[in-house]
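Subject: Structure handover

Hello,

Here is the structure I promised you. Please open it alongside this note; my findings follow below.

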Amino acid sequence: MKTSTIGVTALALVLASLGGSFLGSAGSQAQEASPSRPSHIHAGDCDELGEVIQPLTFLTVPGGEVSGNADAVIAEAAFTSIPRSLDELLTEDHALKVHLSREQIQTYLACGDIGGTVDADGALIVGMKELDGSGYAGIAYLVPAGNGSTSVSVMIARVLPGGEGAPAAGAQTETAETPAAADAAPELVDVTLTNFAIDMPTELAAGPIRFSIVNNGAAPHNLVIEGDDLRKTLANNLQPGQAGSLNADLPPGTYVVYCPVGEGAHRANGMELELTIT
Ligand SMILES: [Cu+2]
């Protein structure tokens, strides 16, 4: 009787410790797998992002004990009160973007264009679509908070197949070799703008490209990529020292790349080149 009680107690302890260590490892794995994610509201839209107009709190996985179903999809979230009204965000195009990590700021997880129907409370809910084959999608919830401020809740979860951009430590080797995910990731191309030149490759392969543009000049600059049926440009000029990125899926052909600032003056001064997409 006594032995049996000890046996049961021991079994319960073993189960508890197994359960504890399992949940514990799931929790720590989730934290390792998810560095905090920088997030910003940008001018422009998800396809052609402009400057950052509002940094948001970094997204994190909630810390602490894991309870409930261990198969639950882990979500990451951040809540920020910003000194801007929702009206201001809706008057012109704005987009809300989540980056992979501070170290890999040029890799994106998800982006939501800010727009839609405002509900009876004046709040707006927008969907955030996957970027770079990250496997992440999300929701942003923007609620007026008085005095012209807005509470911004950003929530993302890795719910889509693939996940090339996701850092999940355990799943890394598995997902990194998925061809579909590899295809979905745009090629990163650095573009440097100066007074008055554009430094970038003049020949690139067709496919999704992210032009990562930095203005190292002393004047505002921008970038236009123009082809027969296509024109891409940043929503806002880049001020000296500013960076932005432009996504384009360019079919093979010849394009002209130039700076549109100064009503043609920058272009005439040397900020023009021919880009061949093969
Ligand atoms: Cu310029």
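The protein chain has 5 helices and 17 strands. Helices (H or I, at least four residues) and strands (E, at least two) are DSSP runs, numbered from the N terminus. This is a predicted model: local features need pLDDT of at least 70, side-chain atom pairs count only at pLDDT 80 or more, and totals for chains, interfaces and linings use all residues. Residues are numbered from 1 along each chain as its sequence is written.

**Overall**

Of the 278 residues in the protein chain, 31% count as buried. Buried means that 20 or more other C-beta atoms lie within 10 Å of a residue's own; exposed means 12 or fewer, partly exposed is in between, and C-beta atoms are placed from the backbone. Take the contacts in the chain with a separation of 6 or more: 55% of them come from residues 24 or more positions apart. Two residues are in contact if their C-beta atoms, placed from the backbone, lie within 7 Å.

**The sheet of 8 strands**

This open sheet runs in the order S2-S1-S4-S5-S6-S7-S8-S3, with antiparallel pairing. Two strands pair if DSSP finds at least two bridges between them. S2 and S3 are the edge strands, each pairing on one side only. The twist averages 20° from one strand to the next. For such angles, axes are lines fitted to C-alpha atoms (for helices over the stretch in contact), and angles run from 0 to 180 degrees between N-to-C directions.

Now strand by strand. S4 and S5 are antiparallel and joined by 5 bridges. Lys-97 has Cys-111 in S5 as its bridge partner. S5 and S6 are also antiparallel, over 2 bridges. S6 pairs with S7 over 5 bridges, again antiparallel. There, Leu-124 stands opposite Leu-142 in S7. S5 is largely enclosed by the rest of the structure, because 5 of its 6 residues are buried.

**The cores**

A nonpolar core is a set of buried Ala, Val, Leu, Ile, Met, Phe, Trp, Tyr and Cys residues joined through C-beta atoms within 7 Å. The largest has 27 residues; among those touching the most other members are Leu-96, Leu-109, Ala-110 and Ile-156. S5 gives the most to this core, with 4 residues. Another core lies apart from it, with 20 residues, including Val-191 and Ile-225.

Ile-156 has contacts beyond its neighbours within four places in sequence, among them Leu-59, Val-98, Ala-110 and Met-128.

**Glu-130**

Why does Glu-130 count as buried? Because Glu-130 has 23 C-beta neighbours inside 10 Å. Glu-130 is in strand S6 (residues 124-130). Glu-130 is the bridge partner of Ala-110. Neighbours within four places in sequence aside, Glu-130 is in contact with Ala-110, Gly-135, Tyr-136, Ala-137 and Leu-160. Val-159 is 29 residues from Glu-130 in sequence, and 9.7 Å away in space, C-alpha to C-alpha.

**The sheet of 4 strands**

This one is open too, in the order S10-S9-S12-S15, with mixed pairing. Its edge strands are S10 (197-199) and S15 (243-250). Neighbouring strands are turned by 25° against each other on average, direction ignored. S9 (residues 187-194) and S12 (residues 207-215) run parallel, joined by 7 bridges. Glu-187 stands opposite Ile-209 in S12.

Best wishes
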